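Let's walk through this one together, going from a few marked residues out to the sheet and a helix.

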Amino acid sequence: MEHPISIQPARSEVTQENNGPDTATDAMEVDAVKPRTTRPKRPNYAQIHSKPLPIETHPLPAFIPHNPLSIVRIAIALISHSVWPPQVKRIVHKAYFSTETHSVHVTDPASIRALWEQGFFGTGSLSRTEPRWLDQEKRKRGIVAMQTSEEVTRQRRAERRQFKLERARVEREAIEQQRLLEESQTAAHQDLDKFSFQNVSVHGTSETNGLREIDPLEPSPQSVQAVLEDPPSDSKAQGLPDEVVTRIVDQEHLQLSLEEAFFLSFSLGALEVCKDQTTLPVYYLFRLYSAFSKFPIAENTERHLHNLFRYRQWHNAGINPTGDFTGSLEFSDVSSITPDNTFVYKYIVYHHFRSLGWIVRTGVKFGVDYLLYNRGPAFSHAEFGVMIVPTYSSPYWSETPERQVECKAKEHRDWWWLHRINRVQAQVHKTLMLVYVKIPPPWDFDHRNASFEINMGEVLKSYKVQEFIFSRWTPNRHRG
Amino acid sequence: MADEDEELSHLRGPEPADIDLSDETQDFLFLDKLSSDANGALSLPKRGTKDFESHETQLQLDTLEASRQAMHGVLSWTRVHTEKNRILAMYHPESNMAYVDKVKTQHFLTMGRAKGGKEWLLPEEVLFLLERGSLDCRWPPKPSEEEKDSDYKFTMEDGAPMSLQGAYAAFIGFEAGVGGKLTLEMYNVYAGLKRSGYNVYRTGSWDDDRAALQLPATGSKKGGNAKPGYWTRFFAEIWRRISSVGVNTQVPTENLRFGPLVKPGLYRSYADIYRLLQIIPTQDRGAPPTFMLESDPSNPFRVHFDVYKTGGSFKKSNRGPPDFRIAVINARESSVPTAAQLNDLLVTTPHDPPKATDNLYKKLKHGQRNVVLAVVDNGVPSYIRVAEAAFSEEKLYERTGRAPRGKGGGRGRGRGRGRGR
């Protein structure tokens with residue numbers, strides 16, 4: 001019961017303030033406090049991300065029908081290209097598969113930048129999306145003045161919070177004033193000065209109580225201000241010795257999802273996934289990623305699969321695999337890829353939208369499988385949220401009654417599932433798209449022998465995608 | 001981690017289409033304003049801020065009281081049934097419909113159909129009018145033996161009045177025809193849309209197991225994608241040939257097998273690369289629509305109602321194409337449709353391509369064919385519009401770059417032009 005008393009003087013100050021002609025001044029005050037910081041200049045994203053894929057192109061000079069000189073320029077370019085072919089050495093990035101995180105890691109800083117800038121692949125392991133940990137770290141120590149997106153967000157949040165606090169204060173004061181006004185009216189009516197005075201003080205304490213309740217949850221505007229000013233100023237940076245600068249080691253790596261990694265390796269040939277200094281072939285990666293998209297994953301999955309891979313390699317090279325040194329090669333746990341493996345159909349959808357020019361990124365934040373960006377997250381918000389639904393409409397899946405029942409159970413999604421997703425998408429201004437992937441009959445037979453080396457093109461072409469847009473329809477809005 | 005959505009809510013308000021007034025508790029003050037403004041100029045009042053807790057001021061209490069008064073004012077309105085507008089209908093057990101001898105009131109502008117000198121009402125129409133209190137439906141009189149012999153001619157007045165319970169029992173689910181039974185869900189949707197001011201009719205006769213295929217109208221393709229001019233095409237072809245000198249334009253089988261699809265080499269533009277990547281089969285939109293499943297009367301996905309917006313010179317005899325098509329679904333007895341079910345539902349709707357002038361997102365969202373699903377969960381309908389999107393026809397890579405001419409001949413030269421000037 002101590003605190004109302006101790007705060008009493010402070011409160012009386014506030015009430016005194018309120019006695020003035022202050023509705024207008026209050027509003028002005030809020031306006032002045034409202035943060036109006038100018039945002040730092042954005043980097044030139046159009047230039048940074050001018051390549052939509054990590055592949056070089058050699059465009060011809062423009063052809064302008066009414067400018068004959070342009071033809072000459074094209075001719076020169078063509079001839080020079082045919083005589084001295086341009087250096088089309090493909091830059092291949094190196095990566096390795098991490099069994100712990102079920103993702104593919106890229107550690108070379110140049111590769112990380114390139115994969116992010118050219119097609120928005122991967123996620124920084126210590127950042128929100130774009131790998132900016134080092135920049136953040138440098139900035140924290142006052143070396144670079146550039147702001148990272150994480151910092152911008154943090155600052156914006158603080159600003160918004162302060163704005164809300166300020167707004168709440170103004171509202172509170174308006175109510176308090178209204179109450180005082182009403183009380184003074186009743187007091188005037190009843191002509192009882194003493195009574196009204198008591199009343200005011202009672203309300204004052206109750207109000208301070210309210211303040212006390214809010215305080216621990218939300219820091220006062222002053223403390224928010226302090227947080228804002230926390231990043232070190234330039235003077236601090238100047239005092240910093242050079243050794244510290246060099247001492248920061250980039251501890252961040254780029255994490256590629258399995259679909260991204262496979263797209264880069266199989267489709268673009270821009271990524272090599274290595275194990276023990278050897279580059280793994282595409283069909284092995286496909287088997288590996290598929291095996292790691294099931295649940296639960298056996299402990300020895302990766303080892304067994306790799307053993308089988310080595311066995312197959314020796315076999316193909318004509319070395320007798322029954323020799324002594326193969327005795328340790330255990331691969332009994334390797335199973336075939338089911339046609340409805342999560343990785344397989346997710347990759348189908350990933351590849352489909354990438355091949356149409358969309359930037360596809362994970363949609364786990366919004367409760368969907370993928371988000372589709374036009375040009376990339378640096379340019380615009382994602383417009384579509386993609387949810388993948390495997391569908392078993394191939395005749396194979398309805399041949400026996402047991403199969404029918406099993407597929408029906410796998411296909412089943414109730415309406416509440418759809419409403420949940422749809423509501424979330426509407427809230428974050430995305431359009432929900434269900435992508436149905438038609439699952440073919442099983443194709444991975446004899447996976448320990450001849451067909452270990454998958455024919456990727458054939459497999460990918462046996463699936464089929466179909467897109468449907470789902471959106472809420474409100475009768476009240478369409479009548480007009 | 002919720003940065004992106006937070007950012008959005010900061011920048012944009014909710015889209016008007018997402019605000020559903022029925023989601024909120026009504027503030028009846030607005031009714032008061034509607035009725036008080038008798039000059040004919042009705043306008044919906046703006047919604048103010050909402051108070052979530054009491055703050056003990058007289059002002060707040062007064063506002064609340066005023067709103068309450070407005071509600072009572074509306075509810076205490078005396079409703080009058082005039083003799084002039086009383087409609088008598090007779091139940092017809094054979095067809096499970098009801099008929100009216102004499103057409104009165106404006107309801108018959110949008111309901112009922114004339115046949116044999118009488119106006120026939122479908123079950124949902126009878127129920128709707130009964131619920132509104134605008135119709136008096138009678139059971140057909142059962143004359144006793146003596147009465148049969150006498151020359152007395154029975155009129156509608158002699159039939160016993162049908163109670164509301166009786167009407168629901170008689171009209172819901174007792175119709176002939178396999179696919180044509182009115183369920184409570186369908187009536188719910190019908191009544192809801194009627195009350196919202198739409199004109200609602202059954203789609204087709206509901207007698208057949210499934211509706212007919214809707215083939216795209218011939219000639220509709222021409223309007224969809226306008227061909228570029230002759231010269232543009234000529235230059236485009238020349239350009240294509242010149243720029244493909246020494247460039248890979250096809251994926252060799254060996255690369256298709258083991259990758260990479262885009263083998264190292266010379267490429268003129270990213271569009272060429274994207275074209276190489278396109279290997280995943282999609283729905284063939286050139287092919288005529290077909291059913292994927294066997295005709296099955298138990299298939300819940302079927303277009304039930306044609307919905308028309310009101311306004312203009314609407315005639316029930318000459319309705320024209322509907323504005324929306326509604327399929328009613330019981331949420332407890334069905335699940336989200338499979339691709340085959342969706343396909344079979346959508347092929348019974350007409351081909352409705354987006355306008356060629358619309359922007360990319362709008363086009364994709366509009367889709368090629370569309371239907372509105374009314375998912376009824378224990379009497380609460382929620383409407384979902386489903387559209388078949390043509391993603392593979394709107395190639396994003398042909399739009400990106402700073403190509404000054406978006407379509408047709410200028411393929412691949414957008415990037416080149418951007419340099420050096």
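Before we start, here is how to read burial: a residue is buried under 20% relative accessible area, exposed over 50%, and partly exposed in between, using a 1.4 Å probe and protein chains only. The model is predicted, so local features need pLDDT of at least 70 and side-chain atom pairs count only at pLDDT 80 or more, while totals for chains, interfaces and linings use all residues. Residues are numbered from 1 along each chain as its sequence is written, chains are lettered from A and ligands numbered from 1 in the order in which they are written, and side-chain values use heavy atoms, with hydrogens and water left out.

Start with the "active site": an unreviewed UniProt entry lists Tyr373(A), His381(A) and Lys430(A) under that name. Such positions are given in the numbering used here, with feature names shortened, and annotations may be inferred rather than shown by experiment. The three span 58 residues in sequence, yet no two of their C-alpha atoms are more than 10.7 Å apart, so they gather at one spot.

His381(A) sits in the loop between β8 (370-373) and β9 of chain A; helices (H or I, at least four residues) and strands (E, at least two) are DSSP runs, numbered from the N terminus. With a relative accessible area of 25%, His381(A) is partly exposed. Lys430(A), in the loop between α17 (415-427) and β10 of chain A, counts as buried at 6% relative accessibility.

Now follow those loops into the strands. β9(A) and β10 (residues 431-438) of chain A run parallel, joined by eight bridges, and Val386(A) stands opposite Met433(A) in β10(A). Two strands pair if DSSP finds at least two bridges between them. Both belong to an open sheet of 10 strands with mixed pairing, in the order β7(A)-β8(A)-β9(A)-β10(A)-β11(A)-β10(B)-β9(B)-β8(B)-β7(B)-β6(B). β7 (359-362) of chain A and β6 (199-202) of chain B stand at the edges, each with a single partner strand, so one side of each has no neighbour in the sheet.

Finally, look at helix α16 (residues 401-411) of chain A, where Arg403(A), Cys407(A) and Glu411(A) are buried. They cover an arc of only 65 degrees around the axis (taken from the directions from the helix axis to the C-beta atoms), which puts them on the same side of α16(A). An α-helix has 3.6 residues a turn, so residues three or four places apart point the same way. β9 (384-391) of chain A is part of what covers those buried residues, with contact meaning heavy atoms within 4.5 Å. On the face turned away, α16(A) carries exposed residues, including Pro401(A) and Lys408(A).
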